[in-house]
Amino acid sequence: MNPASLRFAVRMLWRDLRAGELLAVFVALVIAVAALSGVNLFADRIQRALKIHAAELLAANLLINSDHPVPQHFADEARRRGLRLAETRVFSSMALHAQGAQLVTAKAVSAGYPLLGELQLAAPAQHAAGAPPPGQVWVDARMLQRSGLRIGQTLQLGNSQFTVAGVVSREPDAALDLFSFVPRVLLNVVDLPATGLITQGSRVRYRLQMAGPAQEIADYRRWAEPKLGRGERIEDISDARPEVRSAMHKAQRFLGLASMVAVALAVIAIALATRRYVQRHLDSAAIMRCLGASQSQLWRIYLWQFLLLALVAGLVGAIAGALMQMLLVNMLGSLVNAGLPSPAYGLLLQTVLLGMATMLAFAVPPLWLLRDVPTLRVLRRDLGDLSRRGYVNGLAWLALAGLLYWQVADASVAMYGIAGFAVAALLALVLGWLMLQLLRRLPWQPGLGWRYGLANLQRRQMLTLIQILSLSLGLMALLVLTLVRAELLQAWRQSVPADAPNRFIINIQNHQLPVLQQQFANAGLPVPEFFPMIRGRLLSINGKPIDVARYSEERARNLAEREFNLSWMSRLPGDQPLLAGKDWPAATQSSGFSVEVGLAQTLGIRVGDRLVFDVAGTQVAAPVANLRKVNWDNFRVNFFVIATPDLLQQQSSGWICSFHLPSSHQPWMDGVVRQLPNLSVIDVSLILREVQGIIERVVQAVQFVFLLTLLAGMIVLHAALAATQDERLRESAILRTLGASRRQILMVMLAEYALIGALSGMVAMLGAGGLGWALSVKLLELPYSPSLWLPVVALGGGVLLVLLVGWRSIRQVLRVPPLKTLNQMG
Amino acid sequence: MLPNHSFQDPRTPILQVSGLGKQVPFADQQLTILANINLAIAPAESLAIVGASGSGKSTLLGLMAGLDLPSAGSVMIDGVDLTRLSEDGRAALRAHKVGFVFQSFQLVPALTALENVMLPLELAGKPEARSIAGDWLQRVGLGQRLQHYPKQLSGGEQQRVALARAFAGSPKILFADEPTGNLDFATGRQISDLLFSLNRQLGTTLVLVTHDQQLAARCGRQIRLHGGELVTETS
């Protein structure tokens, strides 16, 4: 290509852009690249954050993680091998301060902590630090914000008073607590016993951290691994926080798939718009051939034009994508903001190239037709027409599939994504087709506008269905995230009565029971039921020891490994229906366990199976008497396993209760905690609000991506309307010469557009409603009653969107004098 | 390279058609559209091809301009046999020696009047495309409408742009297909005046296809086609 031809191509591109001939292709590609690059940049930042922080995540090279104190021999051996050591204990507790009480995550650390990475203090002065000196605590900014505490003030944990001496800005092994929202308090491990907070039944995470040369660490790991007991895990960087990783992977895939819907729609728009471009340029190409352009010259001109267009659109899309990922990070706010590395803008180039390649895959085959246009077309317009050619070719679909695969980087997910999109598309097509058939068979005959509009839709059935598909996918995505989500939340809220318990008290000691009961009575609150809570580990089922490795399901593995909160009761809770086995009468002499049905299913436990639990070193064995169904959403105290009293009554236990605390009684609650500082009061409503806040932000981010989907759908709609605009102009010109008034023409077009909008709305409504029903009934087990707004918003939204997109086309059809149209069309 | 015939004898025909025939497959048979057309046109001559609809006028024009290939015979433009050239060879010949005016104007809708006139010059790689095109639009009376798009121009104005475009490349031969067919009488008259006046000034050879007897009468010579055959020739 010589510079002159390139310059000519640039000029031609500019001329076509200016004349609006390439706008749809341009916008569609911008959307595709923005969706790709925005989500990819964001996902990449999260992924790198995981990688970067993984090393610091442990604050060590290796750690032993346990739900009971790590046996001494592990530390002894490590010391013998010359490894550096530190230990941490993490638990929940109430922190008391002048302003009240606050549930916190307390972390007691030993000297030497952190072995790797840095603990950074932001106040009183910025500096790196190790463990807090005895008698002092360091808190995070969230704690100050929640409690109104200031540096230098006093804070009480259990029986001990501490001075708040610093504010932690960076805590290495908490760096990946992306979703943690409970304030944190750091104290020195030597202060821990005096607090009296670690008692029977309290849940503590013990970690023994080790650091040293890689070889020593590997040797130690080999030595330690076979010696690990139940509930003890050895972890290095590669094992760190698998749940966070998997959650982030899922989120990433979800955003990736959401963006792919936008990309797929944008690509449809590109295919439609290119086709129209080619159709409209057949004459120009023939004229240029006639004026002496060679085939290769013509081909180069158009190819360069599209390459340049793709480059410019790709760059604009990349900039939009960069802004979009900033918005995404902003929307998710503190959930992800902490410690995200800066965006890898190099990725943008990759995305731009991919976007360009995809666009060319869709645009080049039709462009090739321009090269082959018969020159004689200048005299005979029917030559070289596109109308009988397909819309997209196999190469293009292959490119799209490749793009999808690259985007989600997982063959099976890509397959599911493609299959899901295909099924959704097929459903939309079938539904749209059925509705069109239905409309045609309506017994009553509405006016001319309606009849003619409907006829138009049916004549261009494929294009109509594409329009319905694109618009309904975009609309459906947004409906699910707005209306349906709100309905589900509403249904869930309504399922929780206003006086449902909103506080749990845990860690209640035996001798504190009467004190607490008296407190409730004094405050005029109903005295709640207290349940014993004893920690125990399942050892065997029917004599077969529990082998964690036997379970393939992640949930089953977690359940098999963890310690359960067991309880004993003489009477089973009335609100938990038995699904199998027999209730135990109060007077029964026989021992037995009652097991929650979900747990039983996961671990393969049946009525009559003999379970053995290890409770504080004692083995407790009994058959399973029955399986219970538990409604976990009722905020009452629920247990996986309940024993008959004879089994556990002798064990020392903590107690737990749940109750409704009217907001007027908060000072009373603070007073109680002050009197009994070892209690942990968990504010369920606060946690719910936090969780809701998180969901809200995540939904916002996803919604934002889906907005692109809707936008892409609108571009497809625009491209499809544009594709038939010349035909529409000609038809209306003919109608008008036959005596149709402007009003009648308007009615025809309004009917056609309103039908497309309404049909898309209906498909979107059915899809969103179906998804809402599935989520509600199958997942949340709540009755689903879609609001009346769903059809109103879906249909209204669909019609409005189509009219919005089609307005220009309507105006053009009404404005252009029919003779002019007929003359121009030749 | 195209042969250079700038110093040719003025009596040597610029366009020579010999034994030209065109057949197209129709159903199972070959349909004859043109048969055995022989014709010679001298430089600066003007020739009208007349005949009823379907008589093969436009097909003949297309073959003479190298827009299509004949089934038989040959077409020589300026000493070059079109039927021996490739598609791109014919395009190159058109770029340098041939101009066109069509009934439906055939302007590129996405380009302004100026850009439409620039188009053949740009395709041929001429550096002064813009100023040449501007001059030509001045000459056809559209100096004030350079930046207008075809759809913003009347039919007569569009045909003027087409004339400017046709003459801008200084073609040796200009083919016009019903140049006034889409215009009202008065406008058609203005356009044909312009066409013939430019033709005279530049000494271009003019070959036009028309129904319009008055327009045909302004040409130096007329040939009549009937059923694909040349039936009469009048001077």
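In this predicted model, helix α14(A) crosses helix α23(A) in a right-handed manner, a crossing being right-handed if the near helix is turned clockwise from the far one by less than a right angle, and left-handed if anticlockwise. Local features need pLDDT of at least 70 and side-chain atom pairs count only at pLDDT 80 or more, whereas totals for chains, interfaces and linings use all residues. Residues are numbered from 1 along each chain as its sequence is written, chains are lettered from A in the order in which they are written, and side-chain values use heavy atoms, without hydrogens and water.

**Helix pair in chain A**

- Helix α14 (residues 461-495) and helix α23 (residues 789-815) of chain A pack at about 145°, and their axes lie 11 Å apart. Axes are lines fitted to C-alpha atoms, for helices over the stretch in contact, and angles run from 0 to 180 degrees between N-to-C directions.
- On the α14(A) side, the contact (heavy atoms within 4.5 Å) includes L471(A), L475(A), L479(A) and E487(A); among the α23(A) residues are W789(A), V793(A), G798(A) and L801(A).
- The contact residues comprise 11 nonpolar, one polar and one charged. Here Ala, Val, Leu, Ile, Met, Phe, Trp, Tyr, Cys and Pro count as nonpolar, Asp, Glu, Lys and Arg as charged, and the others, Gly among them, as polar.

**Chain A overall**

- Chain A contains 24 helices and 22 strands, which are DSSP runs (helices H or I, at least four residues; strands E, at least two) numbered from the N terminus.
- Of its 826 residues, 54% are buried, that is, under 20% relative accessible area with a 1.4 Å probe, protein chains only.

**Sheet in chain B**

- Six strands form an open sheet in the order β6-β7-β8-β3-β9-β10 (chain B), with mixed pairing; two strands pair if DSSP finds at least two bridges between them.
- The edges are β6 (98-101) and β10 (229-234) of chain B, each pairing on one side only.
- The average twist from one strand to the next is 20°.
- Strands β3 (residues 46-51) and β9 (residues 221-226) of chain B run parallel and are joined by five bridges. In β9(B), Q222(B) is the bridge partner of A48(B).
- Helix α6 (residues 185-202) of chain B packs on the sheet, touching β3, β7 and β8 (205-209), and its direction makes about 155° with that of β8(B).

**Residue L114(B)**

- L114(B) belongs to helix α3 (residues 113-123) of chain B and counts as buried because its relative accessibility is 5%.
- Leaving aside residues up to four places away in sequence, L114(B) touches R130(B), A133(B), G134(B), L137(B), L146(B) and Q147(B).

Technical notes. Buried means under 20% relative accessible area, exposed over 50%, partly exposed in between (1.4 Å probe, protein chains only).
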